[in-house]
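Colleague: I'm new to this one, so could you walk me through the aromatic rings and what sits around them?

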Amino acid sequence: MKYSLREQISHFLVQYAVPIIFVLLSIVAIPLSRFSTEYLVQEMVARLARDSFLVLSLLIPIMAGMGLNFGMVLGAMAGEIGLIFITDWNVMGVQGMLLAMIISTPLAILLGWMCGAILNKAKGREMVTSFILGFFMNGVYQLVVLYGFGNIIPIKNPALVLSRGFGIRNVTNLAGIRHCLDDLFSFNIMGITIPAATFLLIGAFCLFITWFSRTKLGQDMRAVGQDQDVAGSTGIPVERTRIISIVISTVLACYGQIIFLQNIGTMNTYNSHEQAGMFAIASLLVGGASVSRATIPNVFLGVILFHLMFVVSPMAGKYLIGEAQLGEFFRVFISYGVIAIALVLYSWRRHKERERARRSLRGAE
Amino acid sequence: MGRIKSFIEAAGWPRIIIALFLLGLFVIAPFVEVRVDASISDTLVRFGMNGVMVLAMVPMVQAGCGLNFGLPLGIIAGLLGAVTSVELELTGILGVLAAMCIAIPIAVLFGWAYGLLLNRVKGGEMMIATYVGFSSVAFMCIMWLLLPYKSPSMVWGYAGTGLRTTISVDGYWIRAISDFLSFQYGKYFYFPTGMFLFFALLCFLMWLFMRTKIGTAMTTVGSNPDYARASGVNVDRMRTISVILSTVLGAVGIIVYEQSFGFIQLYMGPFTMAFPAVAAILIGGASVNKATILNVVIGTILFQGILTMTPSVINSIVQTDMSEVVRIVVSNGMILYALTRVVKVKSR
Amino acid sequence: MKRQYVIDALILAALVAFSIFLYHSGKGYTLIFDNRNITLGEKSYKAPEYVQVTLDGKGRPLEIMGGDRDIMTVMGKKHVLKVDILSDDEETVMATIERPFTVRYDGGNLLNIPAFLSGDADWNQRIELDIAPPKEEEPAQEAIPGAEKPK
């Protein structure tokens, strides 16, 4: 089939509507914000290192046709529990980070398996279900961390525990592992610090995803993502494949959150994970991904564009209207708006396809 | 035995557990020195405050648009009405009515646009509704800063522009509906008769509406869209009407809420308001595609009862405030249960 | 099938062993180097005027005057401590003592330099660290207002 140039252009515009809007917004907002180029580049490099892993963890469920995995917050929670433990034991540096990962892996697998099993009961509404599941598990997480830790689960370090004697404080200081991965080996190019170790890890992960999508399991996932009934009839265990994709995503989100927090250095015990999910999903969509198709370049483009807007908009708002608050609300609006637009575009397309299918079915009768 | 079994099956385990939990809380209350009369009064007041917003779920569920996570859109319309009414310095019942009269056309407009959007995304309504709600709240945050309201009781004192986060309606129309024929019994028991009458009126109107030609057509669209289409019902139009109705009820609901609560909460206030309403109607026995007015009443009482009782009772028992966690787990657990159950029924 | 179990068990055991290694090598200890006169049992040790303390031959040495103390956080239990005793004019090294040691206590360790120099086994003592609970400060993280759990 051949398309005319005009069709191609319009297709491109529709496909990349969100990134194009973001590029245009950035072009307007960057000069307004009066940030120096050097500052912005440094900031973007730091944020790429910090956030990419979390965003990458979303790719595999999309491959399996399960949409955006809002359940990734479960993985983030598992990671945070691991971090609480190593902070309590005072294990520091890269060792601490690795130990946190090891501790939280079984928890992440368990949570991911649970999430996958629940989503199998809610086929066709995976996203809204995983979204609510995130909120629900947030309640359970609070129950465990705010009431269980220091009560049933012993915590020795008094700096971690609320003054009432149990429950973890709102802010957990991760000074022991702060920047441990970023500083493992980093170098300077033209005054910009590049955390090479983190990028190596992210690179390795990208290779993993590319490799994974070529394995038998990866191919199965694609098949399940295309059409579950067809995949099932060719002997692919659909439900199991779907659960595995969610488990992988949850475990990776858990590692992503640990990498994210080692860069930040402090943890908002009760809402770091909520934000992780929200930022990661918005970033991926800003990068031009859709609910059914996402690639590795989408991830990096998305992180850069989304965070550029994030850094720039409060200052732009301040200089433009004299109100930093306005820019702040603007970026909140953008974050949610982007997700809304992407979801609408996706459903719209799917709806149209279904209508077409129904019409052709009727025509055939 | 068989009857009990069928009752359990009809009501569903989560609902029974929640009802028993609430009952347990009321039984324990006197032993931990929590006043039962004050608790019942609180529960009733909160029931009245939230009832209309829960009722707003009914039309959309019935028309097959799913749970209205986009309720904040209606709430925003209500807030615009409320704020304008305060700006005009209207007081008493007149103020509330003015707020509603201003809010309803806005809600119709919002609901119409929102309905058109939802008609294009059939099958993905709930997720989109959530994010439409979120982004409209965020957008209104910008607008609250910029809209040219002037009343000194509403704008930030030092800047003279931009609305405050919370605006007191004390002195304007606080409890204007609630206090109609209301009575106080003893020191602790207050009964907001007016609010109940108003809620009952709306429920009755909804009940009537569901029995009109449009109402039954709407239910058909929800329960069997193919049949509805075959019998010549305009599916998209019915859906749009249901969304408009839902949005309007959201707008009215928030005004009822505010006149009882005493404050208008702007900015991120309406952000999460859809969730308790959704949870309440589900606790009342509704599913993702079927809801009745009875579901609304039962659900709101149960849910608001738990929200009222857990802080006071559990606090007295374990000396810590666990109400937040209980609320999160109960409301989201209920939504989760409803979302996973519906498919099972379908596939049977 | 059985083979698979054995392999799984081996992997698990390796992971556990690795975790234990990570725990021990990464655990942080607070060392307080105390250059003060001390009496341990019968014996008394006199603090030198000025010492330089190097741990594991890394980093800038701590410079501690007589009667003073300094604090350091380290990872792992086994270390090599090198103490240079300097002359009063702080220029020439009069003596160097280097010896490996194992940190004895979790949390705070009070290390007495004079006792270390004389080779007294009790030079490492336990000390309660006075940890003030941190202030509930705002974390260095952008919060999206309203991105909290639903009410």
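Modeller: Over all chains the count comes to 37 aromatic pairs. Rings of Phe, Tyr and Trp (its six-membered ring) pair if their centres lie within 6.5 Å; planes under 30 degrees apart count as stacked, over 60 as edge-to-face and the rest as tilted.

Colleague: Why is the pair Tyr336(A) and Phe134(B) called edge-to-face?

Modeller: Their centres are 5.2 Å apart, within the 6.5 Å limit, and their planes meet at 65°, which is over 60, so edge-to-face it is. Keep in mind that this is a predicted model: local features need pLDDT of at least 70, side-chain atom pairs count only at pLDDT 80 or more, and totals for chains, interfaces and linings use all residues. Residues are numbered from 1 along each chain as its sequence is written, chains are lettered from A and ligands numbered from 1 in the order in which they are written, and side-chain values use heavy atoms, leaving out hydrogens and water.

Colleague: How do you know that this pair joins two chains?

Modeller: Tyr336(A) is in helix α14 (residues 324-364) of chain A, while Phe134(B) is in helix α7 (residues 125-146) of chain B, so two chains are joined. Helices here are DSSP runs (H or I, at least four residues), numbered from the N terminus.

Colleague: And what makes Tyr336(A) buried?

Modeller: Buried means under 20% relative accessible area, exposed over 50%, partly exposed in between (1.4 Å probe, protein chains only). Tyr336(A) has 2%, so it counts as buried. Phe134(B), at 5%, is buried too.

Colleague: How do you know that the charged end of Arg34(A) sits over the ring of Tyr319(A)?

Modeller: The rule asks for NZ of Lys or CZ of Arg within 6 Å of the ring centre and within 35 degrees of the ring normal. For Arg34(A) the distance to the centre of the Tyr319(A) ring is 3.8 Å. Arg99(C) sits over Phe116(C) as well, 4.5 Å from the ring centre.

Colleague: What makes Ser335(A) buried?

Modeller: Its relative accessibility is 0%, so Ser335(A) falls under the 20% limit. Ser335(A) lies in helix α14 of chain A.
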